[in-house]
Amino acid sequence: MAIVETRNLTKVFKEGQPGAVNNVSLQTREGEFLVFLGPSGSGKTTLLRMIAGLEQPTAGEILIGGAVVNHLPPRERRIAMVFQSYALYPHLTVFKNIAFPLKAQKVKKELHQQKVDWAASLLGIGKLLNRKPRELSGGERQRVALARAIVREPTVFLLDEPLSNLDAKLRAAAREELEEFQKRIGTTTIYVTHDQVEAMAMGDRVVVLHQGIVRQIGTPKEVYDDPADTFVATFLGSPPMNLLEAKDVIVGFRPERFLPSELLTPGGEQAAKNFQPQSVLVADVKDPLKRIPLRFRVEIVEYLGAERILYGYLAGTRFEKKLVYSRIPSSVLVNYEANSVHDFAVPESELRFFDPATEKRIAPKAFQWQ
Amino acid sequence: MSNRKLGAVMFLPAILYVLAVVGVPFVLAFIYSVGDVKIASVGYHFVGLENFRSVLQSPAFRRSLYDSVVFTVGTQIIVLVGSTILALALKEPFRGRGLVRFLILLPWVAPVSLGAIGWKWILDSLYSVINWALIAVHLVRPFEGPMWLGEPSLAMMSVIGVESWRLLPFSTVILLAGLTAIPRDIPEAAAVDGAGFWRTMFQITIPMMLPIVNVAVLFGIIFTFTDMTVVYILTRGGPYDTTQVLPSLAFFTGVLGGDLAEGAAISIFLVPLLVAVAYLMLRVAHRSEVA
């Protein structure tokens, strides 16, 4: 078990061009599940590859377990990595694939069988040991890759989008399994993904990266509820946070906080009829004074089963041209039709303020809706 | 014209070409090999396997068969080792890689006969530049340089060397293609798993290249076994027939010696041998792919 730290880590692939990773300083905690989240090209994989030793940093330091490892080749870093493609050795059986790190690290031959069996049983692939990778399904390959990674008990796990090659259903199951597995073995894990659901579900903390820069590090709740800048605000959440840009301030609010006003009014008869008490909004309802009423002209209604997404415009405000989203749980039974105008509201406590110049989060300030 | 017809018409030249250049001579050779045709003879009498029997009993043929095997195997070993090293070296980017790749390809692009004539001079008993260099660095004394093409074992080594020089580019290109087809992740995974350069090379890279190596070797064997240019130009089979290979023997017997039937029998003798080799190699390639 070890802590991974980077200090001002930078990678420039071509001189004169913007770096793939710029000045990244971060530190994992002991046994933590840390997720690098960002769109493609955000530098998350490059960052991971530098930690693995597959890529030489242009500047900065990498520390594993307190020691600088910049000069060490991958095999001396006591890390294990699972690749997006799994990178199983196609000409070797599952057993030999899993035993390969043991062989390469000159673990005594007598121990191979026992250790491979241990890793295989941990991942439930004991029956596949004599197969070749090509005879395995995607999920099985992923387990073999994991088994190969844990077999020599690394101090750090590096996972590069290991679930992205699985189909949606399998992915959800594998996500849960992987998370549970990590908790069980307790090895510090760095997980790269572009999938925010994965990041939110699995990460103890999430590092949001964009253009090689760390935009925010925090728990899933922190990055979602209190985004550090407009990039984080719009990258997380689907649909993203509504952002309304005024001259000196950008105001943002989450689509699921932008709701029919009767839902936010306590005691309203409509609300009583349409609103089911287990909804998450109870806390907001306590303080009706702090809501901001807005007229919402609905243009498109998207029915997603568990919820509806409304696309429309804020009628009578100065942001009339800006498309905003509302996300309404299906437990709300009101019928919304395209091209109708409704009374909506957003609790003031749910507003987030950003500086238009730096795009960074700022303290709440006065805001003119009209 | 319908698409079907147009397709057939477009295809026809290729079929005619193959028939004319490969098919007809092959059938002709087969017919000759079971007949009694000689240059300038008239008529044709079927003699069954008589020619093959006589060929098999001839010491010159046995000698050539042996030489052919030595020539082919020797060349393949050198080409295989050399092209593997070259392919591995040329895969990594470095300054001037394009130029080196171009230079290595040259022997393949240049006409065989031209290259072989160049080598004939390089290996000449009097004007050999190799001997000149050896003398210049005092490794051998003047006028005592090795007779590259005049001594049986040296001559065999020389023809093997030149044939290897000629086949190396082809094999390198094939292996390079196979090598670039290995996903980058796999050697990287090996590096993370703790493998060093040699382990990655011998346990990961080379085994993964095996199917394509098989293809390269198969082609190499067929090219070498059926080639007579290098031998013909450098040694004409000499000294004392010690570098005579089957194709050159067939040529000397059938064309220069005028015994078309026996020459054809020698050539036809190669066919089952090569078919067997091809079958074996393809099986090995197939197995390493599926297993």
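Guide: Two strands count as a pair if DSSP finds at least two bridges between them. Keep that in mind as we look around this predicted model.

Visitor: What makes β11(A) and β12(A) a pair?

Guide: Four bridges join strand β11, residues 242–245 of chain A, to β12(A). A pair needs at least two bridges, so these strands, joined by four, qualify. They run antiparallel, and one of the bridges has N242(A) partnered with F253(A) in β12(A). The two strands form a hairpin, with four residues between them.

Visitor: Which other strand is joined to β12(A) by bridges?

Guide: That would be β18, residues 352–354 of chain A, with three bridges and an antiparallel run. Here G252(A) stands opposite R352(A). Three bridges again meet the call for at least two, so β12(A) and β18(A) pair as well.

Visitor: Why are both faces of β12(A) called covered?

Guide: Look at residues 250–253. On one side sit I250(A) and G252(A), on the other V251(A) and F253(A), and all are buried. Buried means under 20% relative accessible area, so each of these residues falls under that cut-off and both faces count as covered.

Visitor: And how do you know that β1(A) is mostly covered?

Guide: Of the eight residues in β1 (4–11 of chain A), six are buried. As for partners, five bridges join β1(A) to β4(A), residues 59–64, and the two run antiparallel; T10(A) stands opposite A59(A) there. Four bridges join β1(A) to β2(A), residues 21–27, again antiparallel, with T6(A) partnered by L26(A).

Visitor: Let's go to the largest pocket. How much space lies in it, and which residues are closest to its centre?

Guide: About 930 Å³ of space lies in the largest pocket. It has 27 lining residues, and the closest to its centre are K91(B), E92(B), P187(B), E188(B) and T200(B). Among the elements that give two or more residues to the lining are α3 and α7 of chain B, while α9(B) gives the most, with five.

Visitor: What classes of residue make up that lining?

Guide: There are 16 nonpolar, five polar and six charged residues.

Visitor: Where in chain A does pLDDT stay under 50?

Guide: Over residues 267–288, for which the model has 23 contacts beyond four places in sequence. Where pLDDT is low, the predicted coordinates should not be read in detail. Chain A as a whole averages a pLDDT of 86, and 92% of the residues score at least 70.

Notes:
Residues are numbered from 1 along each chain as its sequence is written. Chains are lettered from A and ligands numbered from 1 in the order in which they are written. This is a predicted model: local features need pLDDT of at least 70, side-chain atom pairs count only at pLDDT 80 or more; totals for chains, interfaces and linings use all residues. Side-chain values use heavy atoms; hydrogens and water are left out. On a 1 Å grid over the protein atoms alone, a cavity is a set of points where a 1.4 Å probe fits but cannot get out, and a pocket is an open set with protein on both sides within 12 Å along at least five of seven lines; lining residues have an atom within 4 Å of a point. Grid points are joined across faces, edges and corners, and a volume is the space filled by probe spheres set on the points. Ala, Val, Leu, Ile, Met, Phe, Trp, Tyr, Cys and Pro count as nonpolar, Asp, Glu, Lys and Arg as charged, and the others, Gly among them, as polar. pLDDT is the predictor's confidence in each residue, from 0 to 100. Contact means heavy atoms within 4.5 Å. Buried means under 20% relative accessible area, exposed over 50%, partly exposed in between (1.4 Å probe, protein chains only).
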